[in-house]
Amino acid sequence: MVENRPWADFVAHVILVIGVAVIAFPLYVTFIASTLTYDQVVTVPMKLTPGDQLVDNYTQVLTAGSEKGSHAAVLPMLVNSFVMAIGVAVGKIMISIISAFAIVYFRFPLRNFFFWMIFVTLMLPIEVRIIPTFKVASDLHLLDSYGGLILPLIASATATFLFRQFYLTVPDELAEAARIDGAGPIRFFWDVLLPLSKTNIAALFVILFILGWNQYLWPLLITNQESMYTVVIGIKRMIAGGDATSEWNLIMATAMLALLPPALVVVLMQKWFVKGLVETEK
Amino acid sequence: MAEIVLKDVKKSYTTGVLVIHGVTATIADGEFIVIVGPSGCGKSTLLRMIAGLETITSGEIAIGGRVVNDVEPKDRNIAMVFQNYALYPHMTVYENMSYGLRIRRMPGEEIRKRVERAAKILELGALLERKPRALSGGQRQRVAMGRAIVREPAAFLFDEPLSNLDAKLRVQMRLEIQKLHRELRTTSIFVTHDQVEAMTLADRMIVMNAGVAEQVGRPIDVYDDPNSLFVAGFIGSPAMNFLPGKRAGDAVQVGALQIPLPAPLRAKAPESITVGIRPEHLEAGTGEGLAFTFKVDTVEALGADSLVHGLVGDGILVARVDGHATPAIGESLTFHARPGKLYFFDTATGKRLRP
């Protein structure tokens with residue numbers, strides 16, 4: 001379609017520029033703030049050109065944390081966040097891919113009932129079931145452990161549903177051909193279904209990694225020791241309560257650090273991500 | 001290589017509702033059997049029961065003398081070619097063809113030999129490293145057949161394998177399947193809804209209608225001597241003409257036309273009789289045999305010959321005439337049916353009247 005309407009073009013571009021500015025400006029401010037000294041950050045108005053504290057600020061938060069808020073170093077928190085995000089993403093994918101396989105390819109009594117059970121109960125966000133879940137985790141001595149951070153978040157209705165929908169589009173003849181070729185259910189799953197799900201897995205991994213990384217409420221409850229903080233919790237703890245001042249330059253540096261891994265995952269897996277969402281290799 | 005025996009095979013999905021009403025047939029070793037019928041007649045279900053993909057409600061299926069009712073598909077020593085080919089999309093042609101052998105833990109050297117031999121027969125040699133995505137419909141079809149051939153099974157089962165191909169390719173693949181069967185001589189069961197495929201490929205065919213095997217026999221016998229209205233109408237192209245009429249003494253009254261009943265049929269003939277005559281058995285002009293006159297209603301010109309449609313009594317009559325002697329619409333034409341080429345059916349039961 002070729003159109004030549006200069007006014008429409010102009011208006012469209014203005015809207016786009018405003019949109020980009022609304023998203024990008026806060027990020028820019030965060031970055032600038034993370035390069036300034038404490039005094040510069042609290043000056044009104046804050047200057048909008050980079051300062052000279054970039055290396056100092058980042059080194060300090062990575063190794064020693066803030067001085068006035070929490071004193072925990074951010075590097076171990078990044079590791080914790082990473083372990084948790086990977087654990088949640090991989091765990092969710094493993095559990096849901098297997099349950100979807102069972103629901104689609106096996107006939108057992110109450111199959112649909114179980115599917116809807118999974119679907120309905122897990123549609124509830126963690127916040128709704130957080131008290132009983134905390135009680136269970138605490139009884140199992142999972143507080144302040146990776147297990148406690150990861151396990152309660154692993155079951156996933158969304159991922160199960162997604163894989164179920166994908167399996168339903170795989171032609172039945174493929175399963176039948178495999179049956180005649182002599183492949184049992186496990187062989188079929190491993191040799192045929194799994195390779196076909198590759199792109200779906202990749203797309204889901206990106207979404208779930210970010211979901212795991214951004215968890216706030218659950219890690220806040222389950223972790224008490226500084227050594228188990230995730231970076232999102234770390235940011236919260238750096239903000240001093242009451243009358244004390246918060247070192248916003250260091251907090252912003254931590255925020256920048258917390259932002260990097262999810263962005264990296266998206267950038268690196270972008271090709272796969274898009275492929276998984278738009279096409280299926282059939 | 002094996003004989004396949006079906007003994008009163010029945011299938012029902014909901015208790016009491018049969019979709020296959022007891023099919024009995026013996027398929028000889030090395031024979032090419034075509035199961036033909038309209039969609040929904042149960043032909044694919046029957047094939048899938050032989051393959052082991054559907055359970056058998058009652059009756060017995062034996063392959064090579066062994067009853068296989070409760071045997072897994074992989075242990076029945078059969079290979080199947082599916083309508084949509086069902087190739088594994090992520091595997092190369094070589095991997096697709098060798099998958100079944102690898103699962104059976106055949107030595108690598110033997111697998112390679114078998115795949116290469118099959119690839120040579122099917123002219124797939126240059127395509128072995130490609131993925132199915134990069135193949136044309138005809139090539140995919142060939143890979144699907146290659147996957148069956150390398151297994152060297154007791155029987156090949158084809159489930160409408162040519163339906164997804166265009167007309168020209170379908171004819172070509174039909175010839176190739178014929179040639180392949182001549183070379184391999186493996187018992188084959190081929191399901192199709194296309195009577196031309198059935199006529200050209202079959203050693204014998206099973207004509208199915210609504211879950212019943214209406215007739216089993218060599219294609220030419222089924223064509224010459226159909227058992228029922230259904231078989232007569234389904235086999236042969238263009239389809240047989242049917243003229244519904246009433247019995248009037250020793251003749252059948254169709255509109256103003258009196259068609260004499262052959263003497264041997266007179267004793268048992270019912271009230272309502274349908275007379276069948278194939279378009280290719282009608283000759284222009286008067287001559288020996290029954291004469292028809294009708295007004296030309298429509299003409300389909302096919303080139304070599306033309307199909308002329310006209311009304312006789314309550315039935316439409318189609319006649320095949322030379323393509324260069326096409327009559328005008330509305331013209332009155334006279335045809336005569338070749339002697340002995342009239343078929344008489346009981347309208348109520350659809351069965352052929354036999355002495």
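Is Leu110(A) buried or exposed? Select Leu110(A): it is exposed, because 9 other C-beta atoms lie within 10 Å. The cut-offs are these: a residue is buried if 20 or more other C-beta atoms lie within 10 Å of its own, exposed if 12 or fewer, and partly exposed in between, with C-beta atoms placed from the backbone.

**Before you go on**

This is a predicted model: local features need pLDDT of at least 70, side-chain atom pairs count only at pLDDT 80 or more, and totals for chains, interfaces and linings use all residues. Residues are numbered from 1 along each chain as its sequence is written, while chains are lettered from A and ligands numbered from 1 in the order in which they are written.

**Stop 1: two positive phi angles**

Stay on Leu110(A). Its phi is positive, about 65°, although Leu110(A) is not a glycine. Most residues other than glycine have a negative phi. Leu110(A) sits in the loop between α4 (74–105) and α5 (111–123) of chain A. Helices (H or I, at least four residues) and strands (E, at least two) are DSSP runs, numbered from the N terminus.

Now select Tyr85(B). Tyr85(B) is not a glycine either, and its phi is positive at about 70°. Look for Tyr85(B) in the loop between β6 (78–81) and α2 (93–103) of chain B. Tyr85(B) counts as buried because it has 24 C-beta neighbours inside 10 Å.

**Stop 2: two cis peptide bonds**

Most peptide bonds are trans. Select Val44(A) and Pro45(A): the peptide bond joining them is cis, with omega about -10°. Pro45(A) is in the loop between α2 (38–42) and α3 (54–63) of chain A.

Move to chain B and select Ser237(B) and Pro238(B). The bond from Ser237(B) to Pro238(B) is cis, with omega near -5°. The loop that holds Pro238(B) runs between α8 (229–234) and β11 (241–248) of chain B.

**Stop 3: where the chains meet**

Show both chains. Here 16 residues of chain A are in contact with 16 residues of chain B. Two residues are in contact if their C-beta atoms, placed from the backbone, lie within 7 Å.

Which elements give two or more residues to the chain A side? Select α9 (172–181) and α10 (185–196) of chain A. The most comes from α9(A), with seven residues. By type, the chain A side divides into eight nonpolar, one polar and seven charged residues. Ala, Val, Leu, Ile, Met, Phe, Trp, Tyr, Cys and Pro count as nonpolar, Asp, Glu, Lys and Arg as charged, and the others, Gly among them, as polar.

**Stop 4: chain B as a whole**

Chain B has eight helices and 20 strands. Along the principal axes, its C-alpha atoms fill a box of roughly 75 × 50 × 35 Å. Of the 355 residues in chain B, 40% are buried.

**Stop 5: a hairpin and a sheet**

Strands of a sheet pair through backbone hydrogen bonds, either parallel or antiparallel. Select β1 (residues 4–12) and β2 (residues 18–27) of chain B. These two run antiparallel, joined by seven bridges. Two strands pair if DSSP finds at least two bridges between them. Lys10(B) has His21(B) in β2(B) as its bridge partner. β1(B) and β2(B) form a hairpin with five residues between them, and Gly16(B) in the turn has a positive phi of about 90°.

Next comes an open sheet of six strands in chain B, with the order β6-β7-β8-β3-β9-β10 and mixed pairing. Its edges are β6 and β10 (212–217) of chain B; each has a single partner strand, so one side of each is left without a neighbour in the sheet. Zoom in on β6(B) and β7 (residues 155–159) of chain B: they pair in the parallel sense over four bridges. There, Ala79(B) has Phe156(B) in β7(B) as its bridge partner.

**Stop 6: the cores**

Bring chain A back. A nonpolar core is a set of buried Ala, Val, Leu, Ile, Met, Phe, Trp, Tyr and Cys residues joined through C-beta atoms within 7 Å. The largest has 134 residues, and those with the most contacts inside it are Ile33(B), Ile35(B), Leu157(B) and Ile189(B). α4(A) gives the most to this core, with nine residues. A second, separate core of 22 residues includes Met77(A), Tyr229(A), Val231(A) and Leu257(A).

**Last stop: Leu169(B)**

Select Leu169(B) in helix α5 (residues 167–184) of chain B. Leu169(B) is partly exposed, because 15 other C-beta atoms lie within 10 Å. Beyond its neighbours within four places in sequence, Leu169(B) is in contact with Gly137(B) and Gly138(B).
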